[in-house]
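Subject: Handover of a structure

Dear colleague,

Please find below the structure that I am handing over to you. My findings follow directly after it.

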Amino acid sequence: MWIVFSLLAALSAAIVVTLSKVGVKNIESSLAFAIQSVLIVSVAWGVVAWQGHLGQVQQIDRRTWLFLIAAGVITCVSSLFSFQALKLGLASRTSSFDKISLVFSILLAVFFLKEKVTWQLVAGAVLMAGGAVLIAFSAGKE
């Protein structure tokens, strides 16, 4: 089932890139991100409330709070960079180059989460990174 959700996330991310590219056309990228963020927060807390999980907030331990807050700050920084990249470049190039995050994710998972490295993992990461670089630097009209 995780594959279905991963594919839905990928499709949603592709739609977000396309809509965001149009959204940043005539305004500052940070303003576009701020507008989108308000909606993200509203929907996220709405889902938590609808699912009946608001009471769980009190049960979150300090360590978990620290990791979630750090991840939230980095998410904001990442999104600000992504919006600026979209403002300056083609959506197909910026979103493909952004996918080099896969390589960084693998490295972080191996070093910090002690996940197992296989030849398939390495080969897939190399192919995906190569494809992202190929797309990002392909000839095209900016």
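Ser96 touches Ala132, Ile135 and Ala136, leaving out residues up to four places away in sequence; contact here means heavy atoms within 4.5 Å. Ser96 itself belongs to helix 4, residues 91-98. Helices are DSSP runs of H or I with at least four residues, strands are runs of E with at least two, and both are numbered from the N terminus. Ser96 counts as buried because its relative accessible area is 10%; buried means under 20%, exposed over 50% and partly exposed in between, with a 1.4 Å probe and protein chains only. A polar atom of the Ser96 side chain also lies 3.0 Å from the backbone oxygen of Arg93.

Please note that this is a predicted model, in which local features need pLDDT of at least 70, side-chain atom pairs count only at pLDDT 80 or more, and totals for chains, interfaces and linings use all residues. Residues are numbered from 1 along each chain as its sequence is written, and side-chain values use heavy atoms, without hydrogens and water.

A search of the whole structure finds two aromatic pairs. Rings of Phe, Tyr and Trp (its six-membered ring) pair if their centres lie within 6.5 Å; planes under 30 degrees apart count as stacked, over 60 as edge-to-face and the rest as tilted. One of the pairs joins Phe97 and Phe137 edge-to-face, at 5.5 Å centre to centre and 75 degrees between the planes. Phe97 lies in helix 4 and Phe137 in the segment after helix 6 (119-136), so the pair links distant parts of the chain, 40 residues apart. Phe97 is partly exposed, since its relative accessible area is 38%, whereas Phe137 is exposed at 63%.

The largest nonpolar core consists of six residues: Val17, Val24, Ala32, Phe33, Phe83 and Leu86. Such a core is a set of buried Ala, Val, Leu, Ile, Met, Phe, Trp, Tyr and Cys residues joined through side-chain atoms within 4.5 Å. Helix 2 (29-51) and helix 3 (62-88) each give two or more residues to this core. Beyond its neighbours within four places in sequence, Ala32 is in contact with Val24, Ile27 and Phe83.

In an unreviewed entry, UniProt lists residues 2-136 as "domain: EamA". Over residues 2-136 the chain is 81% helix and 0% strand, with the end C-alpha atoms 28 Å apart. Just after helix 5, Lys114 takes a positive phi of about 60 degrees.

Yours sincerely

Methods: Polar contact = N/O pair within 3.5 Å; in protein donor to acceptor, adjacent residues only side chain to side chain. UniProt positions renumbered as here; feature names shortened; annotations may be inferred.
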